[in-house]
Amino acid sequence: MVATGNEQGRGRAVGQTVAVFGAYGHTGRFVVAELRERGFHPVLVGRDAGKLAVLAAEHPDSAARPASVEDADSLNRALAGTDAVINCAGPFAGTVAPVIEAALRARIPYVDVAAEIEANLDTFDRFADRTRAAGTVVVPAMAFYGGLGDLLATAAMGDWTAADEVHIAYGLSSWHPTPGTRLSGTVSRERRGDRRLRHTGGRLTYHQDELPALQWAFPEPLGIRPVIGEFAMADIVTVPSHLAVTDLHSYMTVEAVQDLAAPQTPAPVAADEQGRSDQTFLVDVVVRSDGKQRRAVARGRDIYAISAPLAVEAVHRILTGQTRTVGVAAAGEAFDAIDFLQALSGHLVVDLAD
């Protein structure tokens, strides 16, 4: 499908119902709040009935439906009568396939916020043909890691049909990981046997060498900062899934890597009325082709909170016919990247420059 210019545009929705699996989790709560702000009716879904009841008490006008990935019937009941589902429940290695299967049975679109590289690879490998045949839309990694970098890379590419290099540099002021992030990271590492992934020569390769310590020249106010190179995130799956990229390199500020590695680093703490932490981020994407360079930069606050408007905007566009394809698709393939980023102006500051 192509963008229809639906009269709902970028404004509030008109009452569609969206199931949120893992609604009581850290990111899930941001997603529920964003859905309500946008005029959707969230259905609260989760495996832990006790946590679900606590969240339901905070949103008494939202339906709460316990469901487990081990019980297909419970997922069927949870998605019954909904227009879309957003999966926020990690580790995603165990939730993606069952929830996509349930979405296919319900004939509704699926979006997730998975940062697990292997879970995203599974989504493309296992569901591309079936979802395309069903004419439904599945957008994995529609979050800070995966979705945002992919949108920025797609916007920077513009009319280029291929790139020799894509560089994605994450300038985080800090990284206070949630328990879910830590658990998902453990599962991801175990699945690949502690090996690392790199996209080079147009394909994914595994390696076990040490990550390089480098310098990256971020735009101001960060400037030149020490980073860890080849710090692969979900972008290593999303970007090459639809862009002809020979080499993709990603970087993370040293402070953020140290925070993530330290077991004593606390979980994020709310610092404003929206529940966001005081952490800030700058994502710097540089694409190069035939000696030319283009750049896209996004600035914002709280890597977990920003995943909510990304995922909800994706659902809004799917439900209003503003998609470019069906089947499994990364953000930049499914949507008009520049228009999508502009729609997030209340959450992100984006700069595009050659």
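Helices (H or I, at least four residues) and strands (E, at least two) are DSSP runs, numbered from the N terminus. This tour takes place in a predicted model, in which local features need pLDDT of at least 70 and side-chain atom pairs count only at pLDDT 80 or more, while totals for chains, interfaces and linings use all residues. Residues are numbered from 1 along each chain as its sequence is written, and side-chain values use heavy atoms, with hydrogens and water left out.

**First stop: Ser 188**

Select helix H7, residues 179-191, and pick out Ser 188 within it. Ser 188 counts as buried, at 7% relative accessibility, where buried means under 20% relative accessible area, exposed over 50% and partly exposed in between (1.4 Å probe, protein chains only). Residues up to four places away in sequence aside, Ser 188 touches Ile 117 and Glu 118, a contact being heavy atoms within 4.5 Å.

**Second stop: helix H3**

Select residues 72-79, which form H3, and colour its buried residues, Ser 74, Leu 75, Ala 78 and Leu 79. Seen down the helix axis, these buried residues fall within an arc of 125°, so they line one face of H3; the arc is that of the directions from the helix axis to the C-beta atoms. Against them pack strands S1 (17-21), S2 (41-46), S3 (64-66) and S4 (84-87), together with helix H4 (96-106).

Now look at the two ends of H3. At its start, a side-chain oxygen of Asp 71 reaches to within 3.1 Å of the backbone nitrogen of Asp 73, and after the helix comes Gly 81, with a positive phi near 80°.

Which residues line the largest cavity? Select Ala 19, Phe 21, Val 45, Leu 75, Leu 79, Val 85 and Val 99 to see its lining, to which S1 and H3 are the elements that give two or more residues. On a 1 Å grid over the protein atoms alone, a cavity is a set of points where a 1.4 Å probe fits but cannot get out, and lining residues have an atom within 4 Å of a point. The space in the largest cavity is about 30 Å³, its volume being that filled by probe spheres set on grid points joined across faces, edges and corners.

Moving on to H4, you will find it mostly covered, with eight of its eleven residues buried; among them are Val 96, Pro 98, Val 99 and Ile 100. The cover over these buried residues includes S1, H3, S4, strand S5 (110-112), helix H5 (117-134) and strand S6 (137-139). Arg 107, which follows H4, has a positive phi near 60°.

**Fifth stop: the nonpolar cores**

A nonpolar core is a set of buried Ala, Val, Leu, Ile, Met, Phe, Trp, Tyr and Cys residues joined through side-chain atoms within 4.5 Å. The largest has 109 residues, and those with the most contacts inside it are Ile 86, Met 142, Phe 144, Leu 148, Leu 172 and Trp 175. Helix H6 (residues 144-157) gives the most to this core, with nine residues.

**Last stop: Glu 230**

Finish in the loop between strand S11 (224-229) and helix H8 (235-238), where Glu 230 lies. Is Glu 230 buried or exposed? Its relative accessible area is 14%, so Glu 230 is buried. Leaving aside neighbours within four places in sequence, Glu 230 is in contact with Arg 198, Leu 211, Pro 212, Leu 248, His 249 and Ser 250.

Note on methods:
Polar contact = N/O pair within 3.5 Å; in protein donor to acceptor, adjacent residues only side chain to side chain. 1 Å grid on protein atoms, 1.4 Å probe; cavity = no way out; pocket = protein on both sides within 12 Å on 5 of 7 lines; lining within 4 Å.
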